[in-house]
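We will go stop by stop.

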Amino acid sequence: MKRVRLLVILVGCVSAVASCQLIDRFIKGDVIARVGGDVLYAYQVEELLPKDCTPEDSAHIVSAFIDSWATRQLILRQAEKNLSKSDLNIEKEMEELRRGLLAYRYEMKYVDTHLDTIITESECAAYYRDNSHTFVSDTYIIRGRYVKIPSSSPNLDVVKRLCRSNVQKDLDRLDEICFSSAEKYFLYDDKWISLDVIASEFGESVSFCEKELARSRFVEFIKEGYTYLLFVTEYVSPGEQEPLEYCQNHVREILLSRRKQELVADLERNLLTDAKSSGFLTIYNER
């Protein structure tokens with residue numbers, strides 16, 4: 001009788017394990033890793049894979065994620081085994097974290113609904129003027145014309161000539177020719193850009209561009225079947241003050257950030273004042 005009862009228990013255990021595996025597979029999806037009772041499912045990893053990911057890249061991402069997931073589970077298990085009861089008790093820290101997160105979310109929601117995002121040009125100019133010492137360029141900032149054109153283009157010589165012209169009619173013509181003949185171009189007589197951008201377009205270092213500009217405001221060189229042209233109409237050297245037009249977006253971000261901080265400060269101050277005046281907040285003197 002005892003043997004029969006033991007057999008029934010064993011069969012029940014096997015059935016339970018099999019049932020768990022079936023639940024894992026058919027309800028939650030294919031299991032790809034398991035650490036004790038913690039399970040990693042295929043769908044959890046599939047969410048990480050970009051749509052255009054190659055099979056090789058997918059395999060690498062999956063393998064790295066599995067290792068990371070397994071390591072985290074193993075460390076947690078070691079923590080649970082080796083930490084004291086007081087160390088394992090994280091309820092106080094979790095409650096503090098929850099309260100901090102809720103307060104932050106409310107403040108951000110309050111800011112989103114009350115923030116005036118309109119920054120006038122006069123506000124930008126005033127801040128720029130009062131804080132001009134903070135807007136110092138660490139690289140060359142230029143205005144000019146950049147063209148990348150096939151060296152075999154029949155329009156190459158014309159583009160070179162028009163690039164250096166200051167006649168508006170010539171610049172309009174340059175725009176037309178570049179639109180149909182150039183691989184890439186931009187004509188920024190009225191816009192400041194960093195020399196870093198040009199260096200990236202050239203596929204060269206910033207120091208290379210600086211050396212070229214030191215020799216001439218018109219830079220020309222051939223690389224891999226393309227002719228690169230750059231004509232600088234105006235520039236700001238490193239260590240000089242950035243033009244307002246160049247850093248205007250940065251100034252707007254600073255002013256918006258200030259407004260957000262002021263809104264949060266006003267919110268906290270008003271809540272405190274209202275709570276005191278209504279009697280909701282009571283402060284007892286220690287004396």
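Select Tyr-146 first. Tyr-146 stands opposite Leu-230 in S6. This is a predicted model: local features need pLDDT of at least 70, side-chain atom pairs count only at pLDDT 80 or more, and totals for chains, interfaces and linings use all residues. Residues are numbered from 1 along each chain as its sequence is written, and side-chain values use heavy atoms, with hydrogens and water left out.

**The sheet**

Now select residues 141-150, strand S3, and residues 226-236, strand S6. Strands are DSSP runs (E, at least two residues), as are helices (H or I, at least four), numbered from the N terminus. S3 and S6 pair in the antiparallel sense over 10 bridges. To count as a pair, two strands need at least two DSSP bridges between them.

Which order do the strands of the open sheet follow? The order is S4-S3-S6-S5, 4 strands with antiparallel pairing. Strand S4 (184-194) and S5 stand at the edges, each with a single partner strand, so one side of each has no neighbour in the sheet. On average, neighbouring strands are turned by 10° against each other, direction ignored.

Axes are lines fitted to C-alpha atoms, for helices over the stretch in contact, and angles run from 0 to 180 degrees between N-to-C directions.

**The salt bridges**

The structure holds 14 salt bridges. Each is a side-chain nitrogen of Lys or Arg within 4 Å of a carboxyl oxygen of Asp or Glu.

Select Lys-160 and Glu-220. They form a salt bridge, with the closest N and O atoms 2.6 Å apart. Lys-160 lies in helix H7 (residues 156-163) and Glu-220 in strand S5 (residues 218-223), so the pair ties together parts 60 residues apart in sequence. Is Lys-160 buried or exposed? Lys-160 is buried, at 17% relative accessibility. Glu-220 is partly exposed, at 35%. Buried means under 20% relative accessible area, exposed over 50%, partly exposed in between (1.4 Å probe, protein chains only).

Next, select Arg-259 and Asp-116. Their side chains meet in a salt bridge (3.9 Å, N to O). Arg-259 lies in helix H11 (residues 244-278) and Asp-116 in the loop between helix H5 (91-114) and helix H6 (121-130), so the pair ties together parts 143 residues apart in sequence. Arg-259 is buried, at 18%.
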